[in-house]
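Biologist: Could you walk me through this one slowly? I would like to learn where the labels come from.

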Amino acid sequence: MKTLSYTADAVATGDGRNGHVRTGDALVDLDLGIPQDLGGAGGHVSNPEQLFAAGYSACFLSALHSVARVQRVKLRDAQVQAKVTISGGGAGFDLAVELVVLMPDVPPETGQELLEAAHRKCPYSRAVAGNIPVTLTHRS
């Protein structure tokens, strides 16, 4: 099997959370701000947790389709919602993730097996293993 490799790059400017982020190819070019829930102004800006949720949900959905093909399970209109929570305070902040996976017409037992297999395969899941709690939720 051919080894594949890809490197994404992005540069953050400003003071980080109240700044700007732009990828080298300019496909992502966003102002960042601290959410109101964390004491920021909020508004029409993104934040690192949203970007992490977007990447994780897309990567997990790809892993889910991959394991479903191997197990010969048809996925129709599958969706992954990643809920990334940041909490903490003075001593630092921690992240937690809930992946809510919609798999219409997939029985609960089969769905749970697919979720666990995708969790083992997904690079994001492997990267955060042992560092960030991840909850997997299957919805039909």
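Biologist: Which helix holds arginine 126?

Modeller: Arginine 126 sits in helix H3, residues 123-128. A helix here is a DSSP run of H or I with at least four residues, a strand a run of E with at least two, and both are numbered from the N terminus. This is a predicted model, where local features need pLDDT of at least 70, side-chain atom pairs count only at pLDDT 80 or more, and totals for chains, interfaces and linings use all residues. Residues are numbered from 1 along each chain as its sequence is written, and side-chain values use heavy atoms, leaving out hydrogens and water.

Biologist: What makes the rings of phenylalanine 52 and tyrosine 124 a tilted pair?

Modeller: A search of the whole structure finds three aromatic pairs. In this one, the centres are 5.9 Å apart and the planes meet at 35°, so the pair is tilted. Rings of Phe, Tyr and Trp (its six-membered ring) pair if their centres lie within 6.5 Å; planes under 30 degrees apart are stacked, over 60 edge-to-face, and the rest tilted.

Biologist: Which parts does this pair tie together?

Modeller: Phenylalanine 52 is in helix H1 (residues 48-70) and tyrosine 124 in helix H3, so the pair ties together parts 72 residues apart in sequence. Ring pairs also link Phe52, Tyr56 and Tyr124 into a cluster.

Biologist: Why does tyrosine 124 count as partly exposed?

Modeller: Because its relative accessibility is 29%. Buried means under 20% relative accessible area, exposed over 50%, and partly exposed in between (1.4 Å probe, protein chains only). Phenylalanine 52, with 23%, is partly exposed, and valine 28, at 30%, is partly exposed too.
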